Amino acid sequence: MVHVRKTSTTLADGRELIYFDDREPWVSGAETRNLVDSRELPPSNTFSEMRRDPLTGDWVVMAAHRMNRTFMPPANENPLAPTKPGELPTEIPADDYDVVVFENRFPSLTLHMEVGDDFETSVDGFVERAPALARCEVVCFTADPDSNFRDLSPERVRTVIEAWVDRTRELSKLPGIQLVFPFENRGPEIGVTLQHPHGQIYSYPFLPPRSRAIVDRAKAYQAETGRDLFEDVIAAEQGGERVIIQTEHWIAYVPAAAKWPLELILTTKRKVADFTELSEEEKRELATVYLDILHRVDRFFEGVEKTPYIAAWNQAPVGADREFGRFHLHLFSLMRSPGRMKYLAGTESAMGAWNNDTTPELIAARFKELAHD
């Protein structure tokens, strides 16, 4: 069992920051990271709202303060770096760290918000409106700004996993939260505004469209067949040509209806709802399997050293409909060939009807070519 020490502090503006340490002397508590934020910041107070599209039923979050969020700062102004003596203080007070999680300074959804009794719950008396009360967090995978997730040791990946476990458990306890979503955007092509290796965790007070669609489909499938949708999908993929990796506890495959030029699903062989339900052995295997996947992703396109990707950790809903979700990684890239991106134009963006420029079988074949490179 991995030993990780969790230490929480409060930043100058009232946001929470948490150190997850796996190295001595911090893991034993013999020493503690710097917990004092020396900056002078006004109290965190942002406003976000959400409105329900009357045509689709989807919630849309609106957070105007994010227009002014930090964008590609110079190296000496990296807010995710440790705070070094004589240099500008950052979001992280310590001069070094293993893994750090903190509340986003420019969140889409926030709990640092005053909602008055006069809050209007509709727009024009017709479109449903609500305060976007939830929590968005940043996860710094390493103190090294020039590193990538793929460069982490399996031991450090285990620490990141423990941070995801902890945050899933704690965010799920917040009032009204229906889903916890850890993810990583990698690469400026995806829209990343900070190059430091990091991810995010959103808690949602509603089920996002993908999660709702999965729940609805799983419910309908069970009503029609009496069977579990995920179990049958895995059974259909297992042993087939689209399977990339298979271990005692995990299976990675390219889905038969893949939308993206590079896409895969990684999931447990037994039914698991979210990070909190993973066993110690499953977490240990996940650390090495995930690194294997990321190394293949970065060799997928000839001449591309860092493939842009989105790593989306799908988890089951919190509370209602939890049985119809299943923990899985959905990793995909918007790159369709070296240096060329797949732009979502009319059919995808406007209608949500996808065209893929390759086939799932070709994607899987390429992943398997990279197994022992």
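**Entry 1: R212 and D216**

I then checked the pair for a salt bridge (a side-chain nitrogen of Lys or Arg within 4 Å of a carboxyl oxygen of Asp or Glu). R212 and D216 form one, with the closest N and O atoms 3.5 Å apart. Both residues lie in helix α2, residues 209-225, four residues apart, about one turn of the helix. I noted the rule here: an α-helix has 3.6 residues a turn, so residues three or four places apart point the same way.

**Entry 2: ground rules**

This is a predicted model: I take local features at pLDDT of at least 70 and side-chain atom pairs only at pLDDT 80 or more, while totals for chains, interfaces and linings use all residues. Residues are numbered from 1 along each chain as its sequence is written, and side-chain values use heavy atoms, with hydrogens and water left out. Helices (H or I, at least four residues) and strands (E, at least two) are DSSP runs, numbered from the N terminus.

**Entry 3: R322 and D274**

I found a salt bridge between the side chains of R322 and D274, at 2.8 Å from N to O. The pair links distant parts of the chain, 48 residues apart. R322 sits in the loop between β14 (309-314) and β15 (328-333), and D274 in the loop between β13 (262-268) and α4. R322 is partly exposed at 24% relative accessibility. D274 is buried at 3%.

**Entry 4: E137 and R167**

I searched the whole structure and got 46 salt bridges. One of them joins E137 to R167, the closest N and O atoms being 2.8 Å apart. E137 lies in strand β8 (136-140) and R167 in helix α1 (154-171), so this pair ties together parts 30 residues apart in sequence. Both residues are buried.

**Entry 5: helix α4**

I tested the length of α4, residues 280-297. The end C-alpha atoms are 26 Å apart, which agrees. I listed the buried residues of α4, among them L286, V289, I293 and R296.

**Entry 6: G116**

I located G116 in the loop between β5 (99-103) and β6 (122-123). G116 is partly exposed, with a relative accessible area of 38%. Its C-alpha atom is 47 Å from that of D151, 35 residues apart along the chain.

Technical notes:
Expected span 1.5 Å × (residues − 1). Buried < 20%, exposed > 50% of the residue type's maximum accessible area, 1.4 Å probe, protein only.
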